[in-house]
Amino acid sequence: MSKTAASLAPAADPSRWKALVFIALAQLMVVLDATIVNIALPSAQTDLGISDGNRQWVITAYALAFGGLLLFGGRIADKWGRKNAFVVGLVGFALASALGGAANGEAMMLGARALQGAFGALLAPAALSLLAVMFTDAKERAKAFGIYGAIAGGGGAVGLILGGFLTEYLNWRWTFFVNIPFAIVAAVGAWMVIREPAGSRNRAPLDIPGVILSTTGLVALVYGFTRAESAGWSDALTVGMFVASAVLLAAFVLVESKVKSPLLPLRVLLERNRGGVYLSLGLAVISMFGLFLFLTYYLQVVKGFSPVKTGFAFLPMIAGMITGSTQIGARLMTRVPPRLLMGPGFLVAGLGMLLLTQLEVGSSYPALILPAQLLLGLGMGTAFMPAMSLATHGVNPADAGVASAMVNTSQQVGGAIGTALLNTIAASATTAYLTDHAAQAAAGGPAGQLIQAQAMVEGYASAIWWAVGILVASSVIALTLINTGRPGAGGPVASGSGEDAELKVPVLAH
């Protein structure tokens, strides 16, 4: 870089690395919460007298509020300022967690979970967009997003370990209370060290029709997939939710193309690189969430692992993700185009998933599950890291919050689809296996139990084949749609139209 160019570059925020610690802590808390409650659910259900029919709402209430309000949360972060939205989101999440931990009945628990989702929807896009506007140097940005990507990918598995420990050795209520110290430390730290770049707020009036249409459309979509898992795909309400979602989201796109200050400027969505990230990441998350579900059940039900042992069984995947994200993705991101990390990354993860199609009742953990998890983690970590960075690459700083929200939305919707779709495929294959072996299953005793276990594993293997195909599709999309060069190679790549056609680097406020 010439001396002139160097003198024009904005001064780096001296507190950016301290800020990353608190941003990463908050992100870990939000990601943990997506899985930590799963392990505690049976105990909480018994204590609070929640019916079998309503227990899914402990998970669904969080998913609906989080998925439905993400775009709104992203735009609020752009309008209020990301630091303000981040701190308010943390305080609200802590209060909602305290309410959940103190719940004395079903209504209080479900209300707390919905509030957690709502504040999470404010917090998550604010965290990612803060990174986007604070880290402007290509190499530093790669390191920062490497850490963030590892947490975004591996946090769910950490939640399984922590949830197992807290439930087994303390009480299910601690799966909620554990969020409070996370949130307090992150909020105080963020308030003290984060200095948001000047001129990066979006002062435009809020697009109320867009808020209503996007929120109701996304809630209907997430609920449709969640309901399909329990009630079936042909259920009238399930079909109605999908139809309503399609109509509402189509109306949302129409409104966004007409209004002066849209909630989600279509330039954010339609730029091919960001569009490729949202689509490939959403598909990859379908596979990952389905795998968490199947492996948890396989290890606990078929292999007889305790909750804590099950959590530790996911450690190789976490190690792989951290290595892939911080050692492979972050080191190569400034040297090779993002598509050459994301495409092969999804394929390596697909190879790990392919190994798991060989799952049997007596499969060895060290010989099959451990290497499969390592490959999955390495592949996903390598792909997640550039994906997180590219999601806000070249975007107008005033749109950074809503662009970040789209990453979270694709992950949240992908998670809902993955759980419902792959679980349905697994259940159908299990039923078909039991039908074919009805006489042996009816025999009872050890032979009957073995057939039941084999049917369950047959279902998992069938669904995992679909997950392999989905990861291959993610790889193809990443390699085809994402065409930006490596960061820092001859300047930023144009990535939109109009005011979004160049990377605007904000100047830090002093």
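**Figure 1. Contacts and composition of the whole protein.** Of the contacts (heavy atoms within 4.5 Å) in the protein with a separation of 6 or more, 84% join residues 24 or more positions apart. The structure is a predicted model, in which local features need pLDDT of at least 70 and side-chain atom pairs count only at pLDDT 80 or more, whereas totals for chains, interfaces and linings use all residues. Residues are numbered from 1 along each chain as its sequence is written, and side-chain values use heavy atoms, with hydrogens and water left out. The protein has 19 helices and zero strands; helices (H or I, at least four residues) and strands (E, at least two) are DSSP runs, numbered from the N terminus. Of its 510 residues, 55% count as buried, that is, under 20% relative accessible area, with exposed meaning over 50% and partly exposed in between (1.4 Å probe, protein chains only). The protein exposes about 19,500 Å², of which carbon and sulfur atoms supply 68%; accessible areas come from the Shrake-Rupley method with a 1.4 Å probe, and for residues only the protein chains shown count as cover.

**Figure 2. Packing of helices α4 and α5.** Helix α4 spans residues 82-101 and helix α5 residues 106-134; the two pack at an angle of about 155°, with their axes 8 Å apart. Axes are lines fitted to C-alpha atoms, for helices over the stretch in contact, and angles run from 0 to 180 degrees between N-to-C directions. The angle makes α4 roughly antiparallel to α5 (under 35 degrees counts as roughly parallel, over 145 as roughly antiparallel, 65 to 115 as roughly perpendicular and the rest as oblique). The contact of α4 with α5 has 18 nonpolar, seven polar and two charged residues; Ala, Val, Leu, Ile, Met, Phe, Trp, Tyr, Cys and Pro count as nonpolar, Asp, Glu, Lys and Arg as charged, and the others, Gly among them, as polar.

**Figure 3. Packing of helices α9 and α10.** Helix α9 (residues 208-231) packs with helix α10 (residues 236-258) at an angle of about 155°, and their axes are 8 Å apart. The two helices are therefore roughly antiparallel to each other. In the contact of α9 with α10 there are 17 nonpolar, seven polar and two charged residues.

**Figure 4. Surroundings of T226.** Residue T226 lies in helix α9 and is buried, with a relative accessible area of 12%. Apart from neighbours within four places in sequence, T226 is in contact with Q56 and T60. T226 and G415 are 189 residues apart in sequence, and their C-alpha atoms are 9.9 Å apart in space.
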